[in-house]
Amino acid sequence: MNQASLSGVTSAPRIALCPGQPLLSAEATNRLLLRHGLNHELARALVHEAVAAVIPLSAEEELPLIAAHVQALGIRSEADLAPWLEERHWSRDDLRAAATLAERLRRWSHWRFDHEVEIRFLDRKQDLDRVVYGLLQVQERELAEELHQRLKAAEMTFADAVRQFSLGPERDTQGLVGPVALSAIAPELSGRLRAGREGQLWPPFLSQEHWCVLRLERQLPAQLDAEIRERLLHDLFSTWVNSQVEGLLQGAALAAVPRPEEADSP
């Protein structure tokens with residue numbers, strides 16, 4: 001795939017898909033990266049590697065990570081590991097880097113963004129709040145209005161109405177949906193549920209091709225627990241990584257990644 005430049009000189013292959021066997025020139029490799037959209041992934045890998053490089057781990061910390069990584073790959077013995085590495089042209093250092101990457105990224109994101117989590121939580125709390133709601137979907141407006149009146153008058157239960165008339169997948173759960181985050185619900189439903197109160201029953205409204213009757217069963221306000229904290233840290237880290245990737249794709253140099261020890265120095 002080597003092609004002559006404008007000067008008529010063919011670029012020597014320098015990029016090896018198989019170690020020791022140069023196949024592509026830098027120019028041809030760049031064209032392939034751009035043509036297939038692989039430049040984004042390469043830029044992301046560069047950022048991840050730069051972050052991982054500033055987080056040291058001791059041998060005692062690395063060993064269980066490597067063992068877990070190898071086990072997850074289905075490799076049961078040292079005899080199986082050696083050919084696996086050889087097939088991929090990996091060194092032991094490559095294995096160590098792959099096995100410890102996620103932990104290094106996690107530690108750096110905790111150090112870098114932990115102080116921003118509470119602010120992000122407050123900004124996103126409405127989207128993180130969860131609800132359980134009842135949903136009834138029918139084809140005809142008149143039927144939806146009749147069922148709404150019967151439910152409002154307690155002439156039938158929501159579960160019975162769903163079982164007899166509903167057309168959606170909520171029939172399998174007696175009309176109940178959730179717990180589910182408000183951000184994951186269609187806007188025409190989430191807007192009502194966000195402003196509603198437990199037990200509130202809304203008159204029929206059109207959502208896509210169905211007439212819907214909606215009832216808010218339970219509100220489950222989000223709490224900044226360990227799970228939510230990790231999710232927000234991941235979001236903050238991903239946003240930062242994306243900004244670095246965009247900079248690289250626009251031609252900017254990769255800025256030096258802050259090191260935790262630098263923040264502790266006077």
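The model is predicted, so local features need pLDDT of at least 70 and side-chain atom pairs count only at pLDDT 80 or more, while totals for chains, interfaces and linings use all residues. Residues are numbered from 1 along each chain as its sequence is written, and side-chain values use heavy atoms, with hydrogens and water left out.

**Exercise 1. Aromatic pairs**

Task: Classify the ring pairs that Trp108 forms with Trp111 and with Phe113.

Solution: 
1. Rings of Phe, Tyr and Trp (its six-membered ring) pair if their centres lie within 6.5 Å; planes under 30 degrees apart are stacked, over 60 edge-to-face, and the rest tilted.
2. The structure holds six aromatic pairs. In one of them, Trp108 and Trp111 have 6.1 Å centre to centre and 55° between the planes, and the pair is tilted.
3. These two residues, Trp108 and Trp111, are three residues apart in helix α5 (residues 92–113), about one helical turn; helices are DSSP runs of H or I with at least four residues, numbered from the N terminus.
4. For Trp108 and Phe113, the centres are 5.9 Å apart and the planes at 80°, so this pair is edge-to-face.
5. Ring pairs link Trp108, Trp111, Phe113, Phe237 and Trp240 into a cluster.

**Exercise 2. Burial and the core**

Solution: 
1. Buried means under 20% relative accessible area, exposed over 50%, and partly exposed in between (1.4 Å probe, protein chains only).
2. Phe113 is buried at 4%.

**Exercise 3. Arg104**

Task: Which side chain makes a polar contact with the side chain of Arg104?

Solution: 
1. Arg104 is found in helix α5 and counts as buried at 8% relative accessibility.
2. Its contacts (heavy atoms within 4.5 Å) beyond four places in sequence are Ala52, Ile55, Pro56, Leu57, Glu62 and Arg96.
3. The side chain of Glu62 makes the polar contact with Arg104, at 2.7 Å. A polar contact is a pair of N or O atoms within 3.5 Å; within protein, one must be able to donate a hydrogen and the other to accept it, and residues adjacent in sequence count only if both atoms are side-chain atoms.
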